[in-house]
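Visitor: Please take a close look at one helix of this model for me, and then connect that part to the rest of the chain.

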Amino acid sequence: MAGISRAIRACAAASRRTLAAASAAALPKEAGAAGVTAGAAATGRKGRDDGRRVQWVFLGCPGVGKGTYASRLSQLLDVPHIATGDLVRDALASHGPLSKQLAEIVNHGKLVSDEIIINLLSKRLEEGEEKGELGFILDGFPRTIRQAEILEGVTDIDLVINLKLREEALLAKCLGRRMCSQCGGNFNVASIDIEGENGGPRMYMPPLLPPPECESKLITRADDTEEVVKERLRVYHDLSEPVEEFYRARGKLLEFNLPGGIPESWPKLLQALNIEDPDNKRSAAA
């Protein structure tokens, strides 16, 4: 663990030297967009010409859409989207030193240890530093207080975006997930239409249906059953609440309640982050 920590600390130190002249702008304590509360947030513009760094983390329940929104922001701000789940999958497929160990962990349904995740993340940050990357958006890390403390000790996180969605919508989304067994594409057959809370507007999230050539090849993840999904959400909430409080106390947490699907939520998320999309290419559903 000491070697891993030294590696990631060295990477973070180099990153801080590179970004020494950068400055992060903060949003007001109360963000203007509906459904948002913020302790602090960074601002960005399309491209990197404003010199502002982007070192962000996305939090949120499984199935809430962290990957979707993190990926869109990474394209808009020209920084990499680093999902720890992807790092694990890449290591599994690489047949490298960690592959066999990871396969044993995953096949037995166990959690990948902090040490392994930090090792993979350290390697990814070092590679990014060598390529001249000036920031990142993390997705799927940290998930525990210990992970948050490790991350806080080795690099400066500017903003933590905590995506929230009503539980009945979240459950329907998780149960509606499908994957094409041939092309690997991800789709969702759930059509969500829920009464608004306290007289608010209805929440509508249309399905993300596959193209005709994938329709007959859709499969459901074995663990996407109602019982398993509810337990997954319960475990997540138990672990995430202390992490949320960790960043809230440091003024880095922005909580964003998703009001609906991508067309409705994306512009409001950009507004909450004080980001402009001049091309307006991502305002429609993917």
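Guide: I150 lies in helix α6, helices being DSSP runs of H or I with at least four residues and strands DSSP runs of E with at least two, both numbered from the N terminus. The model is predicted, so local features need a pLDDT of at least 70 and side-chain atom pairs count only at pLDDT 80 or more, whereas totals for chains, interfaces and linings use all residues. Residues are numbered from 1 along each chain as its sequence is written, and side-chain values use heavy atoms, with hydrogens and water left out.

I150 counts as buried because its relative accessibility is 16%; buried means under 20% relative accessible area, exposed means over 50%, and partly exposed lies in between, with a 1.4 Å probe and protein chains only. Between I150 and D114 there are 36 residues in sequence and 9.3 Å in space, from C-alpha to C-alpha.

D114 brings us to the partner helix. Helix α5 (residues 114-131) packs against helix α6 (residues 145-154) at about 35 degrees, and their axes are 11 Å apart. Such axes are lines fitted to C-alpha atoms, for helices over the stretch in contact, and angles run from 0 to 180 degrees between N-to-C directions. The crossing of α5 and α6 is right-handed, a term used if the near helix is turned clockwise from the far one by less than a right angle, while anticlockwise gives left-handed. On the α5 side, D114, E115, I118 and L121 make the contact, and on the α6 side R146, Q147, I150 and L151 do so; contact means heavy atoms within 4.5 Å.

The axes of helix α3 (residues 84-94) and helix α4 (residues 99-107) come within 8 Å and cross at roughly 120 degrees. That angle makes α3 oblique to α4, since under 35 degrees counts as roughly parallel, over 145 as roughly antiparallel, 65 to 115 as roughly perpendicular and the rest as oblique. The crossing of α3 and α4 is left-handed. Here V88, A91 and L92 of α3 meet S99, L102, A103 and V106 of α4.

S265 is buried, with a relative accessible area of 0%. Apart from neighbours within four places in sequence, S265 is in contact with Y69, F256, L258, P259 and G260.

As for cysteines, the count of disulfides comes to 0, a disulfide being a pair of cysteine sulfur atoms within 2.5 Å. C180 is in no disulfide, and the nearest cysteine sulfur, that of C183, is 3.6 Å away. C180 is buried, at a relative accessible area of 1%, whereas C183 counts as exposed at 52%.

These parts belong to a protein chain with 9 helices and 11 strands. Of its 286 residues, 45% are buried. Among contacts with a separation of 6 or more, 72% are between residues 24 or more positions apart.

Finally, the confidence of the prediction deserves attention. The chain averages a pLDDT of 79, and 79% of the residues score at least 70; pLDDT is the predictor's confidence in each residue, from 0 to 100. It stays under 50 over residues 1-35 and also over residues 38-51. Where pLDDT is low, the predicted coordinates should not be read in detail.
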